[in-house]
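Dear colleague,

I am passing on to you the structure that we talked about, and I would be glad if you read these notes with it open beside you.

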Amino acid sequence: MIQVNNLTQVYPSGKGIFDVTFQVAEGEVFGYLGPNGAGKTTTIRNLMGFTNATQGEALINEKDCRKDAAAIQKSVGYLPGEMNMLDYMTGIEFLKFLGDMRAMKSTEKRDALIKKFELDTEGKIKKMSKGMKQKLGIIAAFMHDPQVYILDEPTSGLDPLMQNVFMELIKEEKKRGKTILMSSHIFEEVQRVCDRVGIIKDGRIVTIQNIADLNSVNKKKYVLTFADKKDMKKFENSPFETDKTDINILKVSVSYPFNDFFALLSSCDIKSLEVEHVTLENMFMKYYES
Amino acid sequence: MNSTLFKTNLKSNWVIFTFVFGMLMIYVSTSIAMFNPDTAEAMDAMFSMLPEGMIKAFGFVGLGTNLTTYLAGYLYGFILVVFPLIYIAVVANNLVAKHVDRGSMAYLLATPNTRVKVAVTQAVYLISTLTVLMILVTGALIGLSEALFPGLLEKGRFIVLNVVTLFVLLAVSGISFFASCIFNDTKMSLAIGAGLPVAFVMFKMVADISEKVNFFRYLSIYSLLNTDKILNDNSYAITVSLGLLAGTAILYVLGVVIFNRKSLAI
């Protein structure tokens, strides 16, 4: 379990994070969303015990992240935002080195992950592409089967196929009751795997939302393109809330029950029908513009 | 102490160790080979052709006909100061500051090892490899001397000289390690960790040139490596050793403590 309580970290430049508070429960995936420079990595550095907070505290499994950093690391898997490895080593040497630093006994999960991500670990890290380094970082974070994951932009540099492999891995770990915090600036991936999302802007949390709530917002918007203007009139005169976006296009807001809407729709000649999803992106932009 | 980290240090720093040891071996072997009690006068004559200030600056003073004082004068004024300094400055920076600067410290600290444990391992690495370097050099000097000039070297005094030299080098390594621990970037770590000892070398050289600028010796830790006094005065050797060890301990402990407390931008 991760707890961040009123965490404040002010840099000499005046930037930083201010009064950040959130929790991540066991079996939960928390998406930490914000643009570059919003304070995601600063929060994560505090969770890893790298920096001294100005105020507040960060706890993992009830232990203080700064004071008990080493003890906490036994049950934490960390993926840094930047892949600065010991690049004179080969991939497998690096994994062995970290395994030995952890006194890790089983290499079963490590080897399974190498296979899953199709990584050639024999080459020198210096020669690896960004994507390969990212895979290596992911394997290093997951190989000791930790209870808590702290992942800083985990999919950056991965190709779409590997992004999918990673998303599936996150879902599996979640099922196994792991606590997962992942930062991102990509809305789609957060919406796909996260249970909750916290949005950070200029160092402050602006909102924390349940993704499930977001996905089931009962008001749906249908974008209808009409073949016939008369049909369009039918909708404009109906009790539905409409918004004319073009001469033959209407945006209709509908909420449960949908029967009336579809009854009316069936009497019209419609050229196209699209559903406008309330995406995290819409929400995100809303918080950013304000 | 973490043995995995220690072994990894070995892998990434053996090249510089081998280089410095190799360079020292070249000087050690040629210096002994060049020694000839019969032609010592010729040597003196050769040196007398060079400007006096220059000879003094490099510490080639009073080489004499005695193998022990000859080696002390030839090696311990400059060569056994500068080459170990290269090793110290590079390795001290590699062990801590470079990991922080490049961000790889994040991986080390993401394992269940405290910062103190990581820093102490790095300190032990620097201290032990520097000690090994000096043991190898001293061993080679004694071995070669015995092979070429059996019985000429006053081994007891010579070992004392090497022990005090090691303590001076350890104190210098304390400065470099301290700098490596307190700075978050390689540039500053090297500026202080290598720059300050290099300044000490220069001050010592300047001080030795002429009596007029002799006050410069008070600005250099290397002035404690007074070979004449160490070879002849036991109480001097002991006092200097104790002072150097105390200074070394303070620098290393402070380095570890500050590294443990500071914020790391990794």
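Below is what was found, taken part by part.

This is a predicted model, in which local features need pLDDT of at least 70 and side-chain atom pairs count only at pLDDT 80 or more, while totals for chains, interfaces and linings use all residues. Residues are numbered from 1 along each chain as its sequence is written, and chains are lettered from A and ligands numbered from 1 in the order in which they are written.

Chain A as a whole

Chain A holds eleven helices and 14 strands, where helices (H or I, at least four residues) and strands (E, at least two) are DSSP runs numbered from the N terminus. Along the principal axes, the C-alpha atoms of chain A fill a box of roughly 75 × 45 × 35 Å. Of its 290 residues, 36% count as buried; a residue is buried if 20 or more other C-beta atoms, placed from the backbone, lie within 10 Å of its own, exposed if 12 or fewer, and partly exposed in between. Among the contacts in chain A with a separation of 6 or more, 69% come from residues 24 or more positions apart, two residues being in contact if their C-beta atoms, placed from the backbone, lie within 7 Å.

Most residues other than glycine have a negative phi. Asn6(A), in strand S1 (residues 2–10) of chain A, has a positive phi near 50°, and it is exposed, with 12 other C-beta atoms within 10 Å. Asn61(A), which sits in the loop between strand S4 (55–60) and strand S5 (63–64) of chain A, also has a positive phi, of about 50°, but it counts as partly exposed, with 17 C-beta neighbours inside 10 Å.

A helix enclosed in chain B

Helix H4 (residues 67–75) of chain B is largely enclosed by the rest of the structure, because seven of its nine residues are buried, among them Tyr70(B), Leu71(B) and Tyr74(B). The elements that cover these buried residues include H1, helix H5 (79–95), helix H8 (115–148), helix H9 (155–182) and helix H12 (227–232) of chain B.

Where the chains meet

The contact between the chains takes 19 residues from chain B and 21 residues from chain A. On the side of chain B, the elements that give two or more residues are helix H1 (3–34) and helix H7 (105–109), and the largest share, four residues, comes from H1(B).

With kind regards
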